[in-house]
Number of protein chains: 4
Amino acid sequence: MSLRSLRLRAYRQLEPTAWTSKGLSPTNWVLASLILIAVMNAILETEPLVAAGRERMFDDLEVIVASIFSVEYAARVWTVVENPAFAQYRFPRLRYMVSAIAIIDLAAILPAFFAFGGASSVVLRFFRVFRMIRLAKLGRTSRAWRTIREAIYERRYEFGLVLGLVAVAVLISGSLLYWAEADAQPDKFGSIPRALWWAIVTLTTIGYGDAYPITPLGKALAALIALTGVMLIALPTGLFAASFTEGIERHRDRADRREGPDA
Amino acid sequence: MSLRSLRLRAYRQLEPTAWTSKGLSPTNWVLASLILIAVMNAILETEPLVAAGRERMFDDLEVIVASIFSVEYAARVWTVVENPAFAQYRFPRLRYMVSAIAIIDLAAILPAFFAFGGASSVVLRFFRVFRMIRLAKLGRTSRAWRTIREAIYERRYEFGLVLGLVAVAVLISGSLLYWAEADAQPDKFGSIPRALWWAIVTLTTIGYGDAYPITPLGKALAALIALTGVMLIALPTGLFAASFTEGIERHRDRADRREGPDA
Amino acid sequence: MSLRSLRLRAYRQLEPTAWTSKGLSPTNWVLASLILIAVMNAILETEPLVAAGRERMFDDLEVIVASIFSVEYAARVWTVVENPAFAQYRFPRLRYMVSAIAIIDLAAILPAFFAFGGASSVVLRFFRVFRMIRLAKLGRTSRAWRTIREAIYERRYEFGLVLGLVAVAVLISGSLLYWAEADAQPDKFGSIPRALWWAIVTLTTIGYGDAYPITPLGKALAALIALTGVMLIALPTGLFAASFTEGIERHRDRADRREGPDA
Amino acid sequence: MSLRSLRLRAYRQLEPTAWTSKGLSPTNWVLASLILIAVMNAILETEPLVAAGRERMFDDLEVIVASIFSVEYAARVWTVVENPAFAQYRFPRLRYMVSAIAIIDLAAILPAFFAFGGASSVVLRFFRVFRMIRLAKLGRTSRAWRTIREAIYERRYEFGLVLGLVAVAVLISGSLLYWAEADAQPDKFGSIPRALWWAIVTLTTIGYGDAYPITPLGKALAALIALTGVMLIALPTGLFAASFTEGIERHRDRADRREGPDA
């Protein structure tokens, strides 16, 4: 087998959109599993109850996984000239290396070999999840991905408007409670940013209980805000349900038309 | 350019509904940005961690923004005679100055120049948000605004009824828990208004944790109330989803009819 | 005017279903307002911060309202013979007095004149709310009431099944956490009824924070249960949305058919 | 009556799918009631406030119920040869005894006669609930069961995708808060598994209040995450609503077609 045909075969194994059979290539199945292992490894490594005394083991596993991904990164740079989207450029490999996808991949590999500050390095390693999402979009869930994305896209102005209404509701709720509770609880409602924290925790119905009104006026206002908040939360859910129903009907109508009058 | 034509051009720049091109006029884009800056300024000014030692800076910014809005207010009073809705009155400018829109605008300007009591003055400044909403209704989101408003309006009696049912559920839940827990926790369930606070925080599923039943009877009742509450919250969401779906279908039917039988 | 025709007119004023014009009779509007006043009175009377030193005022108001309702009760007993539903019995007035409606009315009146034990008497007074609901069903909201009731009735087996699934989920969640946390937190998870309290507060997403797992196993199980719980809560909302959409379409189809082919 | 025909009659009484009349056989009604009693018994037995001094009573009731279920188990093994699904095997009775259904039944019986470790034995007894579900699927709710299952099955890829998105959102939220809060609150955000607990409790809007950010950066991130979380929770609800609406329409279309053009 010539180097050229090897490169083409490697490209088809690595690039999920170039895989001609259904689903994912064997190489991508292995890489997806490795990402899952690497993510679990990164999660457990930070927990002293699990990792204490086993730091070495976790570090070694990360270095092994990162080495495999380094090889894969090199193979991608080598094979990218097969990709029509990059082949048109003068320096296709350089062009690929400065693409968002390649930078994210590299950023997830580097922390294994160079020591960064504690927490940040873990966050970088999680960039591997983005690769996972890219793979997930291609398998059997690609149609599902499209229907959900379309349902949101078709009604994007409505969703934007609801987000704006939520922002205004948060602002009004926060300033009302600031006005009512600032004197009674200066540490929790003594400024608008503090009151906004309460407003968000309340309107999303999370309700940690770290901040809540204690004056009668504050409680009366909060009661009204809470009841309105429930209605606000109904809006995005209802919007999505309606938009999704609409999308299903549209697809069915299109299918009916294609069948024609002889159906 | 005569003063008259200048006034007409200024009117078209200021009044969003009079702008003949798509979207908002450049003047209104600048004003919208200023409102955002002014709101951020007002929020951060109240937070000691941010504002301590920089009170002057925040005050100056507010005075600058408020001065621009004062000029805009004067310009609006001057140009309002171009507005057919006001031109019909004997004193169109006075008529405009006593309209809700102008009073809200003025109320948001005044706190910058006259010292009001702490918290209230911030709330007044937030009145600028209403202007923001008025502008938002005109841009690209105007169709989205209409569909959402229609979905709520078409089923207003159903929404009103659900609100009534929620009110009755809150009242019944509160009095049941008052009856069960008043003796065990007089500070939290010792009166019906106190028990109603618990009922609202529970039925909206916020659950701060500042009040919850501790007696077996109270817990049994609260468990039943919580499970019913989840069903109640399903009502407004389901209503909105159905009403929105209905609105989409109605618009499509209308479009189909317009296309006619030759489609 | 003869006593007979007076009785008929009084009956039409009192019985909302017998009122021939649109909406509610003037008498029922007055009674509805009195119920609202009585409910507010009963709520505020229990709050020491409001009622301390004014107990007499609250008691007097309740006695006045209860007296008016006593007169109304007597008038209803007197006029019930005009009601075809009761006129068929041998003793229509006695028959009415032992009906659920009349007993609830009487139970709400009595606490004003006879001293019952504290909290129970307030709950009895709230029975007036049921009258309010009966009146609300007749006004403009009667169509809304029917659509909501139909949406729930049409899918009653689905709602029942979802309730059953929720009950099973609560039972399984509770016993899993009892198994995982009983030793670590005997006061909160030491028995299944205690763990069920946690399960209900968690699956409804209220989350007071009075009970939560602290062991790693308990937290892992609770995390899975929480994610499942969110899906469970999607069921009744989705069911109601779909059933309501179905009801709207059915009504429209019926309207289309009525219009006929000449539409 | 011969032993053979007795066995057939017993089989029809025991096996719910073999019952020729509508609903459940009398035997299964009795067994369903016994399961409810046994479950209530197992729940209350664990609560010291109820069971203290009455352990004997609860134990006796469990032994009685378990004895009845032992007889039923023996009868099922005896009659299973009548079941065509098992009759095809060489040893139908052995084959039945190693089926999941029979093992679950046995596992629920054994704890009554053999002492297992405390909590586990109660969980085993709850296996009876699975029998309850099997019976519930057959009665009047069978159609409801099918519509709900179909609504979930038809959109299983969309639900799977949403679950995946929730998992990614939990992972990203958790690592962001770990990055922001690990130093300030090492006991609550000091490792990613701990931060994931916070993320799940927050994104499901439970909000126990055992862990929440305290630094300004952590609160700002948590506020964004909370607002996004509300949108995420809209997805499964909206999906289920749309899928259920779709299912209802499909069934109606099929019914319309069956009626034909002469309708």
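1. In this predicted model, helix α11(A) passes helix α13(A) in a right-handed crossing. On the α11(A) side, the residues in contact are A169(A), V170(A), L171(A), S173(A), G174(A), S175(A), L177(A) and Y178(A). Their counterparts on α13(A) are I192(A), A195(A), L196(A), W198(A), A199(A), I200(A) and L203(A). By class, the contact of α11(A) with α13(A) comprises 12 nonpolar and 3 polar residues, with no charged residue.

2. The geometry of this pair may be stated as follows. Helix α11(A) spans residues 156-181 and helix α13(A) spans residues 192-203. Their axes come within 8 Å and cross at roughly 120°. Angles from 65 to 115 degrees would count as roughly perpendicular and those over 145 as roughly antiparallel; α11(A) is therefore oblique to α13(A).

3. As to the domains of chain A, the assignment gives domain 1 as residues 3-139 and domain 2 as residues 150-259. The C-alpha centres of domain 1 and domain 2 of chain A lie 38 Å apart.

4. Which residues of chain A lose the most area to chain D? The interface itself brings 42 residues of chain A into contact with 46 residues of chain D. The area buried between the two chains is about 3,900 Å², and carbon and sulfur atoms give 76% of it. On the chain A side, W197(A), I206(A) and Y208(A) lose the most area to chain D, together 17% of what that side buries.

5. Within chain D, helix α1(D) (residues 3-14) and helix α4(D) (residues 55-79) have axes that come within 9 Å and cross at roughly 120°. The two helices, α1(D) and α4(D), are therefore oblique to each other, and α1(D) passes α4(D) in a left-handed crossing. From α1(D), the residues L3(D), L6(D), R7(D), A10(D), Y11(D) and L14(D) take part. They meet E72(D), A75(D), R76(D), W78(D) and T79(D) of α4(D). The residues of this contact between α1(D) and α4(D) divide into 7 nonpolar, 1 polar and 3 charged.

6. A further helix pair in chain D is formed by α7(D) (residues 100-109) and α9(D) (residues 128-136), which pack at an angle of about 135° with their axes 8 Å apart. Helices α7(D) and α9(D) are therefore oblique to each other. In the contact, I101(D), I104(D), D105(D), A108(D) and I109(D) of α7(D) meet R128(D), F130(D), R131(D) and R134(D) of α9(D). The contact of α7(D) with α9(D) has 5 nonpolar and 4 charged residues, and no polar residue.

Key: Residues are numbered from 1 along each chain as its sequence is written. Chains are lettered from A and ligands numbered from 1 in the order in which they are written. This is a predicted model: local features need pLDDT of at least 70, side-chain atom pairs count only at pLDDT 80 or more; totals for chains, interfaces and linings use all residues. Side-chain values use heavy atoms; hydrogens and water are left out. Axes are lines fitted to C-alpha atoms, for helices over the stretch in contact, and angles run from 0 to 180 degrees between N-to-C directions. Helices (H or I, at least four residues) and strands (E, at least two) are DSSP runs, numbered from the N terminus. Angles under 35 degrees count as roughly parallel, over 145 as roughly antiparallel, 65 to 115 as roughly perpendicular and the rest as oblique. A crossing is left-handed if the near helix is turned anticlockwise from the far one by less than a right angle, and right-handed if clockwise. Contact means heavy atoms within 4.5 Å. Ala, Val, Leu, Ile, Met, Phe, Trp, Tyr, Cys and Pro count as nonpolar, Asp, Glu, Lys and Arg as charged, and the others, Gly among them, as polar. Domain bounds come from an automatic or database domain assignment. Buried area is the accessible area (1.4 Å probe) that two parts lose on being put together, summed over both.
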